[in-house]
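Work through the exercises below with the sequence and the model open. Try each task before reading its solution.

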Amino acid sequence: MGQKKKDTALKVNEGIQQPPSINPAFAAKAKKRGKKLLDTKQYVDGILSGDRFMLSQAITLVESAALRHHQKAQEIIEQCLPFSGNSIRIGITGVPGVGKSTFIESFGSYLTQKGHKLAVLAIDPSSSRSKGSILGDKTRMEKLSSDDKAFIRPSPSAGSLGGVARKTRESIILAEAAGFDVVFVETVGVGQSETAVHSMVDFFLLLMLAGAGDELQGIKRGIMEMADVLMINKADGENKERAQLAKAEYKNALHLFPPAESGWETKVDTCSAVTNNGIENVWKHIEDYRDLTKENGYFEHRRREQAKMVMYESINQNLKDHFYQDEQIRAMIKDTEEELLNSKISPFNAARKLLDIYYERKGK
Ligand code: GDP
């Protein structure tokens, strides 16, 4: 088996230039051997027995761009699916510096001490654009990383937000099959990734700061509207009073939002990830939410809706890819665009022309 991968890879190290290998043929062979795939059953059995190394390996396959890895990953997922779903999936977001990693460390340790098994996954679209990553560029969650009840996996490092989100969804299934009963999906509160996270979790937690005057600190209204709980972090020391004030202000602001379909009223609370003050209340809110929505059926309803959405998204994506990758379309699309810009063809007819060619080719 290949070298054991560290579960603590949230730390991104600068690569160093490697000297050229002495014998490239040997190196290639060794590399191939290291990447040898196991039988699907071996991965599945490993995951179901809670083997974190196997889980980690399977997630690596999910994240791989290689076709044979992708196929293997799909087989593993299919077989793990019946054993998945038994967790509470919690999305955690907030602007950089709000204290996400400190909070996850504190809240996560609280949960593992209570006997929960916790998986922490991350969605970080920044890591695909710039080489550095907002979530991964520092040593994070050291305590949780060495906690044997926790499994921490950084964001897949490449791909579009859609691609990264799909991989995270699949990783959730595998983590659940491995017995993790609480799953955190962490993201940075700076872009569209919150919507992606919201579409794969049961509960959405927004971390905030008590900002002096600037209460909304760039967090868009839409994101606040998605939140099931707003936790005002860093409510310690001199900041405590300000946090209480902010709590009252946010509560007021939330009154202006329409009531949620879940029947749940968004909670606002304060905590300190450093002193652990108020951390246990986070879990209390989540449990209350779970009890309410399991009782009124929203919990299952939301998961079914999410699953449906994934299916349709996946069809849409596939059709689009197929169309745009078609040789003839690729050859013609620029010229058609040119015709359009020179007012020789209307946008509708331009689209029609390309689609007709595509369908004609498909019909053959
Ligand atoms: P992230 O960028 O959202 O992951 O934020 P970090 O967890 O890295 O925290 C950013 C900074 O805020 C660090 O210096 C933390 O020590 C500090 N911090 C995080 N949580 C708290 C808290 O509850 N109270 C105080 N006083 N500082 C905190």
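A polar contact is a pair of N or O atoms within 3.5 Å; within protein, one must be able to donate a hydrogen and the other to accept it, and residues adjacent in sequence count only if both atoms are side-chain atoms. The model is predicted: local features need pLDDT of at least 70, side-chain atom pairs count only at pLDDT 80 or more, and totals for chains, interfaces and linings use all residues. Numbering runs from 1 along each chain as its sequence is written, and side-chain values use heavy atoms, without hydrogens or water.

**Exercise 1. Describe the polar contacts and burial of the ligand.**

Step 1. Take the side chains. An N or O atom of the S272 side chain sits 3.3 Å from a ligand oxygen. For N233, a polar side-chain atom is 3.2 Å from an oxygen of the ligand.

Step 2. A polar backbone atom of V98 lies 3.5 Å from a ligand oxygen.

Step 3. Check the burial. The ligand taken alone exposes 580 Å², and the protein buries 70% of that (Shrake-Rupley areas, 1.4 Å probe).

**Exercise 2. Locate the cavity and name its lining.**

Step 1. Set the rule. On a 1 Å grid over the protein atoms alone, a cavity is a set of points where a 1.4 Å probe fits but cannot get out; lining residues have an atom within 4 Å of a point.

Step 2. Search. The whole structure has one cavity of 30 Å³ or more. The largest cavity holds about 40 Å³, a volume filled by probe spheres set on grid points joined across faces, edges and corners.

Step 3. List the lining. E63, L121, A122, R153, P154, P156, K167, T168 and S171 line the largest cavity. β2 (118-123) and α8 (161-177) each give two or more residues to that lining. α8 gives the most, with three residues. Helices (H or I, at least four residues) and strands (E, at least two) are DSSP runs, numbered from the N terminus.

Conventions: On a 1 Å grid over the protein atoms alone, a cavity is a set of points where a 1.4 Å probe fits but cannot get out, and a pocket is an open set with protein on both sides within 12 Å along at least five of seven lines; lining residues have an atom within 4 Å of a point.
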